[in-house]
Amino acid sequence: MNDSSNYAPPKVWVWNKANGGRFANINRPVAGPTHDKELPVGRHPLQLYSLATPNGIKVTVMLEELLALGHAGAEYDAWLIRINEGDQFGSGFVEANPNSKIPALVDRSGPAPIRVFESGAILLHLAEKFGAFLPTEPAARAECLSWLFWQMGSAPYLGGGFGHFYAYAPSKIEYAIDRFAMEVKRQLDVLDRRLALSPYLAGEDYTIADMAVWPWYGALAKGLVYEAGEFLQVQAYSHVQRWTDRIAERPAVKRGRMVNRTWGEPASQLHERHEAGDFETRTQDKLAPAA
Ligand SMILES: N[C@@H](CCC(=O)N[C@@H](CS)C(=O)NCC(=O)O)C(=O)O
């Protein structure tokens, strides 16, 4: 690989499989399945195929919030998709999400299954289905959807831009890190100014906008992603800090974060979730106690 100072792009880009970057083993320039594998189907109306990354926990938090509100129809089976092992390229997963990324939801509550992919679309599907966490008053609804879609457009700069070049790229490229650190700090300031005006992003109430933004920017604010807390001076965003702490206290958030989690404390990992009692009986400390 050339270093950034002497690289001249060739006329036609050619895939260099061994580019050394983290995730090089799963990244490729074509879509579609790499192998045949059907997705498992459990007994609940909602089937989730996911992993507890920031994009994944948006949905498990929403489902746990809906159940906490008493929506029995939100009962779900959460199946583990190990993206580092290429599960997202199995034929069944690609049918659920042609983009081969977690999370993917199959809603089997109606006469025919409905697939939903993209975490924002899944949050909206569930919010509309259950009439919850999405304001109905037009101005509040517009504010909620604006922040929901803000997240969809902004987080790739945080993850694919800043996180990639700061934490994962095989060499530290000052230009790229500067460019994306600047943008991520701007985004934190956007949030901080909004949260100076209201407790939650859409106003007085906690909504799907908070569920979408919190897993990324809340984690960033606590230095939990890319170990970049000091580099980005995240403590300075005091309204983001207050909002992050408040959401972290919600019992449904605590549960949602555990689902499909395969790292961290064994007691915080619920690899698959098929019923509410699993949080008490099927975490990794109980299923695989240290030898
Ligand atoms: N915009 C998508 C992003 C989903 C996404 O990037 N998922 C990552 C994990 S956080 C993934 O599945 N990566 C696997 C891959 O790229 O092969 C969403 O919000 O659902």
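Select Val 184, Gln 187, Leu 188 and Leu 191 in α5; they meet Val 213, Tyr 217 and Leu 220 in α6 (contact means heavy atoms within 4.5 Å). By class, this contact has 6 nonpolar, 1 polar and no charged residues (Ala, Val, Leu, Ile, Met, Phe, Trp, Tyr, Cys and Pro count as nonpolar, Asp, Glu, Lys and Arg as charged, the others, Gly among them, as polar).

This is a predicted model: local features need pLDDT of at least 70, side-chain atom pairs pLDDT 80 or more, while totals for chains, interfaces and linings use all residues. Numbering starts from 1 along each chain as its sequence is written, and side-chain values use heavy atoms, without hydrogens and water.

Now show α5 (residues 174-195) and α6 (residues 208-221) whole. Their axes come within 11 Å and cross at roughly 110°. That makes α5 roughly perpendicular to α6 (65 to 115 degrees).

Last, go to the second largest pocket. About 180 Å³ of space lies there. Select Glu 38, Tyr 49, Arg 108 and Arg 115, which are among its lining residues. Helix α2 (residues 91-96) gives the most to the lining, with 3 residues. By class, the lining has 6 nonpolar, 1 polar and 4 charged residues.

How values were computed
Axes fitted to C-alpha atoms, helices over the stretch in contact; angles between N-to-C directions. Helix = DSSP H or I, 4+ residues; strand = E, 2+ residues; numbered from the N terminus. Parallel < 35°, antiparallel > 145°, perpendicular 65-115°, else oblique. 1 Å grid on protein atoms, 1.4 Å probe; cavity = no way out; pocket = protein on both sides within 12 Å on 5 of 7 lines; lining within 4 Å. Points joined across faces, edges and corners; volume = space filled by probe spheres on them.
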